[in-house]
Structure formats: C-alpha cells, structure tokens
Amino acid sequence: MDVLKKVYERLFAITALVFPIMEVIFYFSGKVFLMGSQSSGLKAFYMAYLLPISTIYQNNSTIIFGILVFIFIQASKGRPFLTKFIRFNIVQSCLLSIVCQCTGGLFYVIPKSLLYGSVGYFAATVIFFSFLGVIMYSAGSIAAGRYPKIPVITNAAKLHIQRGA
C-alpha cells in the first residue's frame, strides 16, 4: 500500500507540470520551430504535436488560468488528501507557469526589429529550452521522490506551504 501511495504522490505532482509546459509551448515553440529552421522535419513536428497544444491553450487560456488559480489556492490551503510533497510540487508548478506567462508576455513587448531578427530567435530558443530543462529537471526530481530546487520559486513554494499548513 505504501508503494501505491508513493506512485500516486509522484504522478499527481508530475501532472501539475502540464501548466508550465503549455505556457512554454504557446509562447515560444512557434518561434523556435518555424523561424530558425529550414528543416521540414522540425516544422512537421511542430505542426503535428505542438501546434494543437498551442491552439488549445489559445482558445481556452482564461479557463486554464482559472483552473491554475483554483489548484494553486487548494494546494496552498492544505487539503487533507494532499500530502506536503504533492502540495509543494503543485505550488511550484503553478509559480513556474506564472513566471513563464510573465516571460512570454514581456518577450513580445520588445521592439519588432529585435523580435523578428536573429536576436529574437536566439532569445526565444534559449528561453524555450531553459524552461523545458527546468520542467524536465522537476519531473525527474519528482519521479525520484525528491523536491526540485529552482532558485526563488522553491523558496516561494515553501512559504506558501508553511502558510497553509
């Protein structure tokens, strides 16, 4: 029974990473896969797998944000069926998603001459793969049963969990 509980905890915590993944795909994947590459394979990958996710997010962004806020509040309050491990990772995923939203929103405010040039492509690529790296690191840490350590976000998640306990 203890093994089943650990699997439940880890899967539930990893599932919360869907929010930052959707944010990263929506804001940066089109720029990375369509602008910089002449490879038809990468464009086909984008069109087949990432564009549908981006479209779903674009059409339902308000609903998705509402769900994100609801989950964040529930995890912060400390519901009895959520362990501290699950709550911490849900809060951290929500905070990572908010950071990605802010980064994506600010990215498209930069001047158009930089945005659509090589500087914009390079910045989008670095941001895209940096966020994906952080998400993969978090998923790996959660799967191993450890708390992911992301600067600033981890401390904020700890504060929310302590406040709600």
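Hi everyone, let's start with V18, which is partly exposed, at a relative accessible area of 39%. Please keep in mind that this is a predicted model. V18 sits in helix α2. Along the chain, V18 and S93 are 75 residues apart, yet in space their C-alpha atoms are 8.4 Å apart.

Now to the partner of that helix. Two packed helices are described by the angle between their axes and the distance between the axes. Here, α2 covers residues 18-35 and α7 covers residues 118-143, and the two pack at about 145° with 9 Å between their axes. Their crossing is left-handed.

Who makes the contact? On the α2 side you'll find P20, I21, V24, F28, S29, K31, V32, F33 and M35. From α7 come G120, Y121, A124, T125, I127, F128, F129, F131, L132 and I135. Sorted by class, that contact of α2 with α7 has 15 nonpolar residues, three polar and one charged.

Let's finish with A143, which belongs to helix α7. Leaving aside residues up to four places away in sequence, A143 touches R10 and I14. P80, on the other hand, is 63 residues from A143 in sequence and 22 Å from A143 in space, going C-alpha to C-alpha.

Definitions and conventions: Residues numbered from 1 in each chain as written. Predicted model: local features only at pLDDT ≥ 70, side-chain atom pairs only at ≥ 80, totals over all residues. Heavy atoms only, no water. Axes fitted to C-alpha atoms, helices over the stretch in contact; angles between N-to-C directions. Helix = DSSP H or I, 4+ residues; strand = E, 2+ residues; numbered from the N terminus. Left-handed = near helix turned anticlockwise from the far one by under 90°. Contact = heavy atoms within 4.5 Å. Nonpolar A, V, L, I, M, F, W, Y, C, P; charged D, E, K, R; others polar. Buried < 20%, exposed > 50% of the residue type's maximum accessible area, 1.4 Å probe, protein only.
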